[in-house]
Amino acid sequence: MSCCKGPGYSTPLEAFTKGPREKLLYVVCVQPDQTKQDYLATVDVDPKSPTYSQVIYRTYTGNVKDELHHSGWNVCSSCHDNPDLKRDLLILPALGSANVYAIDVGTDARKPRLHKVIDGTEMRSFNCSFPHTTHCLATGEIMISTMGDKEENGKGDFVLIDSKTLKVTGTWTKGNKAKFGYDFWYQPYHDVMFSTEWGTPKYFKTGFHENDAYNVDRYGRSINIFKWSTHELQQVIDLGKEGTAPLETRFLHNPKAAEGFVGCALEANVYRFYKTTDGTWKADKVIDIPAKTVSKDGVESQLNGLLSDILISLDDKYLYLSSWFHGDVRQYDITDTSNPKLTGIINFGGLILHNNLKVIEDKEFQGRVSPVKINGKYLEGSPQMLQLSLDGKRLYVSSSLFSPWDKQFYPKMVEKGGWIAKIDVDTEKGGLQLDPNFYVDFGKEPNGPALPHEMRYPGGDCTSDIWLAQDA
């Protein structure tokens, strides 16, 4: 079978049509009590299993004050043509410590074990800190985006790790660096890599401060475009105030596509980027989630959505996003990429519900949202990270964004523990339905309530794999 030639799948559509149903979910978990260890939780998502929707194993880092966040693989579908490579290590960078943890998921997928710790001093020796997104490269190398220099000032860079020795070998960028860093996605067919921006780590790590958010020296608002073959920064697209904090970026999965999307957190907007006839790139706002006018104790204010995650189905038909302040998960049909159409929404309540805010004006919806209850338990907090099944029929949602911000905005969720819910997807006509029987409760974990963030499947998923054009 072509799917077994090397790691992953030969094309996105092969993964979409032939990929197996997920049975395990690897979930990065942060301990809000920094005297305790963060860990990787293994969750059973096989509906035929007696331990369905339960944490069945925990792999601890062995250290404290890590602030695990995102994860990626040692190799993935970009290495599909190399049968000597195996996707058997999940890579967990830690924002706080700059440690990088390599977790062996190949020996026993149900009981991952800590394989190696790359100490944060290695990353800092190259003047990098706050590692975020991990992608494997076709060379077999691992690349991790970073958001800060060793003093935690804003700096967008990328560290390279040898996938065999697991040593940090240097940085990827040649010449000018991006002002800020966050996520990235490469597209060799068009010889580009896109990266995005959060802000200055030493400021955002203390919480969300509105005066910082629109300070261009503390929060980013640009898409940075690198020439993939030379590693050079070639174009910067300033999205302006409405594009403040462009976080997750996704090309369409089709490896020849010359377009994709980026979700901008603060104003809750999505921009479509695309290649123009002169070879440069342009970005247009295509989704604009309006702020709601709310009131608390008689004081009115504008509540933006805080768009925190986006992803695209493997067939490039739907885009999904989460709005952490408003509390909703949305599905958009992107058959016409320049004109996304809202086809499904589930509202979990967000700050309006959990802060007892009175809605004065809502330009989209009418009526108050009721608390969400699954298996007899009310969900504290709001939907944040998303992960979609390979076939696009199941959308998993976790509740934690970043522990300092969790503590600031959803203290009850921190106190009671985060959660993962599942949304069933209508992939034909569009539509979302909350599964009333699936609920992973992180409130009763062995070392106390924990905060679940990014989710992965053992065989890869639609946000960790990048495909190369077969005739490039």
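Which residues lie nearest the centre of the largest cavity? They are Tyr182, Trp198, Leu247, Leu401 and Trp405, out of 14 residues that line this space. The structure is a predicted model, where local features need pLDDT of at least 70, side-chain atom pairs count only at pLDDT 80 or more, and totals for chains, interfaces and linings use all residues. Residues are numbered from 1 along each chain as its sequence is written, and side-chain values use heavy atoms, with hydrogens and water left out.

Cavities come first. Rolling a probe the size of a water molecule over the atoms shows where empty space is left. Here a cavity is a set of points, on a 1 Å grid over the protein atoms alone, where a 1.4 Å probe fits but cannot get out, and a lining residue has an atom within 4 Å of a point.

Among the residues lining it are His70, His132, Asp183, Glu248, Arg250 and Arg456. Strands β8 (129–136), β16 and β33 (451–456) each supply at least two residues of this lining, and β8 gives the most, with 4. Strands are DSSP runs (E, at least two residues), numbered from the N terminus.

Some of those names come back among the salt bridges. Side chains of opposite charge can pair when their charged atoms come close. With a salt bridge taken as a side-chain nitrogen of Lys or Arg within 4 Å of a carboxyl oxygen of Asp or Glu, the whole structure has 29 of them. In one, Arg250 meets Asp183 at 3.8 Å, N to O. This pair links distant parts of the chain, 67 residues apart: Arg250 sits in strand β16 (246–251), and Asp183 in the loop between β11 (168–171) and β12 (184–187). Arg250 is buried at 5% relative accessibility, and so is Asp183, at 2% (buried means under 20% relative accessible area, exposed over 50%, partly exposed in between, with a 1.4 Å probe and protein chains only).

Glu259 and Arg272 form another salt bridge, their closest N and O atoms 2.8 Å apart. Glu259 belongs to strand β17 (259–264) and Arg272 to strand β18 (269–275), 13 residues apart. Glu259 is buried, at 17%, as is Arg272, at 15%. Shared partners also join Asp183, Glu248, Arg250 and Asp309 into one network of salt bridges.

Then there are the cysteines. The structure holds 1 disulfide, counted as a pair of cysteine sulfur atoms within 2.5 Å. The partners are Cys76 and Cys136, with their sulfur atoms 2.0 Å apart. The link is left-handed, with -90° about the S-S bond. Cys76 lies in the loop between β4 (72–73) and β5 (89–93), 60 residues from Cys136 in strand β8.

Methods. 1 Å grid on protein atoms, 1.4 Å probe; cavity = no way out; pocket = protein on both sides within 12 Å on 5 of 7 lines; lining within 4 Å.
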